[in-house]
Amino acid sequence: MDSLAVALLGADATEARAASMLLRASFVFLSLFSLSGCGLDSQQPRWYSDQQVTQGKELFQKHCASCHGFNAQGMYADWKSRLSDGYLPPPPLNGTAHAWHHRLPLLQEIVRKGGALYDGKMPGFAGVLSEDEIFSVIAYFQSFWDEETYGMWSEMQKTGGNGFGAKSGG
Ligand code: HEC
């Protein structure tokens with residue numbers, strides 16, 4: 001046996017225990033660190049407040065849920081195929097369909113004017129909902145969007161077009 005091996009094998013038990021505790025501690029530390037890196041703590045800030053989501057929920061149930069579903073999940077499995085009347089069905093607004101492709105000002109405009117904007121069938125809510133209430137219903141359905149979807153949407157706000165809206169809520 002060479003002298004290095006002797007030194008290692010001969011390392012005293014306390015020292016070995018200390019080393020293994022240190023290893024374990026740094027493992028725990030690293031795992032906590034990486035958890036916080038992708039966990040709830042690092043959720044990106046959203047433009048709306050909890051209060052807007054709460055208000056939006058009530059308004060959404062009253063004005064939107066009959067077509068878009070209580071949790072904005074949509075009522076038709078196939079929201080891309082036109083119905084027998086030639087119109088598109090109300091799509092899910094929970095981030096699984098197309099709504100995240102629209103910047104905030106366009107989402108507001110859709111809620112204000114409805115299908116009149118693009119030859120659709122949705123009723124407009126201008127005069128029914130105030131501007132603040134429109135922000136709230138949007139906040140409500142956006143609260144279902146996962147981090148990835150919200151991230152792509154919010155990236156889009158920055159890159160061109162009509163900006164992030166006249167008012168960023170709150
Ligand atoms: C009578 C049914 C109906 C009601 C009520 C309704 N919608 Fe719609 N909505 C639709 C339909 C149908 C479409 C698909 C486009 C069209 O035909 O106008 C749509 C499309 C949308 C879109 C565009 C989604 C996309 O993927 O491009 C948004 C946003 C939206 N609705 C939000 C709302 C909100 C918010 C409310 C409540 C304030 C609401 N809708 C109430 C039927 C409705």
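## A helical chain and its ligand

Leaving out neighbours within four places in sequence, Ile138 is in contact with Leu107, Gln108 and Val111 (contact is when C-beta atoms, placed from the backbone, lie within 7 Å). This is a predicted model, so local features need pLDDT of at least 70 and side-chain atom pairs count only at pLDDT 80 or more, while totals for chains, interfaces and linings use all residues. Residues are numbered from 1 along each chain as its sequence is written.

**Overall build**
- The protein chain has 7 helices and 0 strands (helices are DSSP runs of H or I with at least four residues, strands are E runs with at least two, and both are numbered from the N terminus).
- Buried residues are 20% of the 170 in the protein chain (buried is 20 or more other C-beta atoms, placed from the backbone, within 10 Å of a residue's own).
- Of the contacts with a separation of 6 or more, 57% link residues 24 or more positions apart.

**The core**
- The largest nonpolar core holds 19 residues, and Val111, Val137, Ile138 and Phe141 have the most contacts inside it (such a core is a set of buried Ala, Val, Leu, Ile, Met, Phe, Trp, Tyr and Cys residues joined through C-beta atoms within 7 Å).
- Two elements, α5 and α6 (131–142), each give two or more residues to this core, and α6 supplies the largest share, 7 residues.

**Around the ligand**
- Of the 26 residues around the ligand, Cys64, Cys67, Gly115, Gly120 and Met122 come nearest (a residue counts as near if its C-beta atom, placed from the backbone, lies within 6 Å).
- The elements giving two or more residues to this shell are α4 (65–68) and α5 (104–113).

Definitions and conventions
A residue is buried if 20 or more other C-beta atoms lie within 10 Å of its own, exposed if 12 or fewer, and partly exposed in between; C-beta atoms are placed from the backbone. Two residues are in contact if their C-beta atoms, placed from the backbone, lie within 7 Å.
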